[in-house]
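Please look through the sequence and the model below before reading on. The paragraphs after them are meant to be read with the structure open.

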Amino acid sequence: MKDMGVTLQQWIDFLDIDQEIIDTLRDFFPILAPRIDRVSHAFYRRVLNSPEAIKLFADEDSANRALAHQKRHWLEYVFAGRFDRDYVEAALRMGKTHQQRGVDLRLFSGAYAVVLSEVNAIVMENVPDPQRQKRVLRAVNFAVFLDLGFVASVYYDAYTDDLASMAKDLTVSLARAGEYRDADTGEHIHRMAKMCAAVARRLGKDLRWVEQLEAASPLHDVGKIGIPDAILLKPGKLTEEEMSVMRRHSEIGTDIIPDNDHEILQMARRIALTHHERWDGTGYPAGLRGEEIPLEGRIAAVCDVYDALRSQRPYKRPWSHEEAVEYLKQSRGTQFDPAVVDAFLAALPEIEDIWRRYGEMPSPSSRGAS
Ligand SMILES: [Fe+2]
Ligand SMILES: [Fe+2]
């Protein structure tokens, strides 16, 4: 969640709300405050006349409470020129409440239009000096636009946060579906997400890319869902033929993950397809070499192998951290991108911390295609 204090400052800067506007609002406040009921009544009439708006309230009491709340918001913040931390909190609550209740943004801006025209009328009637009148009108308009815009942006954020958290849950559930048969804890996908993010940060990738990778990497092995039990869960070494079936999980994963424009899903598809490619060109499915392999695939390859080595499997004991790191070093430049291995080694403090937090529960039935 972003810092809404920063967002507010951006609104203030872009609208050019300066000290003069704030001072003008405060100067006008003693004229407006005793007349605020006139504003609320106009607002109230507008709400009561709209069948859509009236539906939002359970009864008259709740409508009255909402209106009283709105009135306090104008008096305490908007027309008092008080755009501080408390205002941010109040705007956050207001934007979220409106979003949760499903208040249409049309009704929202309609209500502001009523308030604005009523306050403008109060200015015209009570501030006779034309110069001052102009200044006050300007200040009042800016304050109302700021509040409308800022509260609407909170509303919009709450809405997109809802969708983003649902998308994230669905992504994780799909990843768990892929791991369900052969790893009975969800810890591998959590470690993958966190380790990939730590390595990407060490490579200097920006926050957005890191977050996308964190969300996309758990899906790397989702294609294992299409591998028969006899192969996926076989306790011994796979035959060459079985191996070739197992290798199909890369392409199956790309078939399963939707070809949606969203960057997280596109990245997840690339990772599913390329996390078994090797830097020296001897990997699968396409035998890509070096930077032909997308960076996210190269990062997932290193993290996935490290994780598989350290995990218990029916055919192997878990390797120690030192042994797994030694393997990465030896495979630097052959199996793995040297720069990614270096970033992984630089991130070891975070990696160990991730393992402390999401360390594997021993699971007797697990094979793991890695
Ligand atoms: Fe895999
Ligand atoms: Fe894996």
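This is a predicted model: local features need pLDDT of at least 70, side-chain atom pairs count only at pLDDT 80 or more; totals for chains, interfaces and linings use all residues.

Residues are numbered from 1 along each chain as its sequence is written, and chains are lettered from A and ligands numbered from 1 in the order in which they are written.

The chain is divided into domain 1, covering 4–161, and domain 2, covering 180–358, with bounds that come from an automatic or database domain assignment. Between the C-alpha centres of domain 1 and domain 2 there is a distance of 51 Å.

Aspartate 16 sits in the loop between helix H1 (4–14) and helix H2 (19–32); helices here are DSSP runs of H or I with at least four residues, strands are runs of E with at least two, and both are numbered from the N terminus. The phi angle of aspartate 16 is near 60°, a positive value in a residue other than glycine. Aspartate 16 has 9 other C-beta atoms within 10 Å and is therefore exposed, on a scale where a residue is buried if 20 or more other C-beta atoms lie within 10 Å of its own, exposed if 12 or fewer, and partly exposed in between, with C-beta atoms placed from the backbone.

Leucine 25 belongs to helix H2 and counts as buried, because it has 22 C-beta neighbours inside 10 Å. Which residues does leucine 25 touch, not counting residues up to four places away in sequence? They are Phe79, Ala80, Gly81, Ala139 and Ala143, where contact requires that the C-beta atoms of two residues, placed from the backbone, lie within 7 Å. Leucine 25 and valine 136 are separated by 111 residues in sequence, yet their C-alpha atoms are 6.8 Å apart in space.

Asparagine 120 lies in helix H7, which spans residues 105–126, and is partly exposed, with 15 other C-beta atoms within 10 Å. Once its neighbours within four places in sequence are left aside, asparagine 120 is in contact with Leu137 and Val140. From asparagine 120 to isoleucine 36 the separation is 84 residues in sequence and 12 Å in space, C-alpha to C-alpha.

The next paragraphs turn to helix packing. Two packed helices are described by the angle between their axes and the distance between the axes.

Helix H9 (residues 187–202) packs with helix H10 (residues 207–216) at an angle of about 155°, and their axes are 8 Å apart; axes are lines fitted to C-alpha atoms, for helices over the stretch in contact, and angles run from 0 to 180 degrees between N-to-C directions. H9 and H10 are therefore roughly antiparallel to each other, since angles over 145 degrees count as roughly antiparallel, those under 35 as roughly parallel, 65 to 115 as roughly perpendicular and the rest as oblique. The crossing of H9 past H10 is right-handed, the term for a near helix turned clockwise from the far one by less than a right angle, left-handed being anticlockwise. On the H9 side, Ala193, Cys196, Ala197, Ala200 and Arg201 meet Trp209, Val210, Leu213 and Glu214 in H10. The residues of this contact of H9 with H10 divide into seven nonpolar, no polar and two charged, where Ala, Val, Leu, Ile, Met, Phe, Trp, Tyr, Cys and Pro count as nonpolar, Asp, Glu, Lys and Arg as charged, and the others, Gly among them, as polar.

H10 also meets H14 (263–274): the axes of H10 and H14 come within 9 Å and cross at roughly 60°, which makes H10 oblique to H14. H10 passes H14 in a right-handed crossing, through a contact made by Gln212, Leu213, Ala215 and Ala216 of H10 and Glu263, Ile264, Met267, Ala268 and Ile271 of H14. By class, the contact of H10 with H14 has seven nonpolar residues, one polar and one charged.

In the loop between H14 and H15 lies proline 285, which a cis peptide bond joins to tyrosine 284, with omega at about 5°.

Helix H15 (residues 295–310) and H16 pack at an angle of about 145°, with their axes 9 Å apart, in a right-handed crossing. Val302, Tyr306, Leu309 and Arg310 of H15 and His321, Ala324, Tyr327 and Leu328 of H16 make the contact. Serine 331 is placed in the loop between helix H16 (321–330) and helix H17 (338–346), and is partly exposed, with 18 other C-beta atoms within 10 Å.
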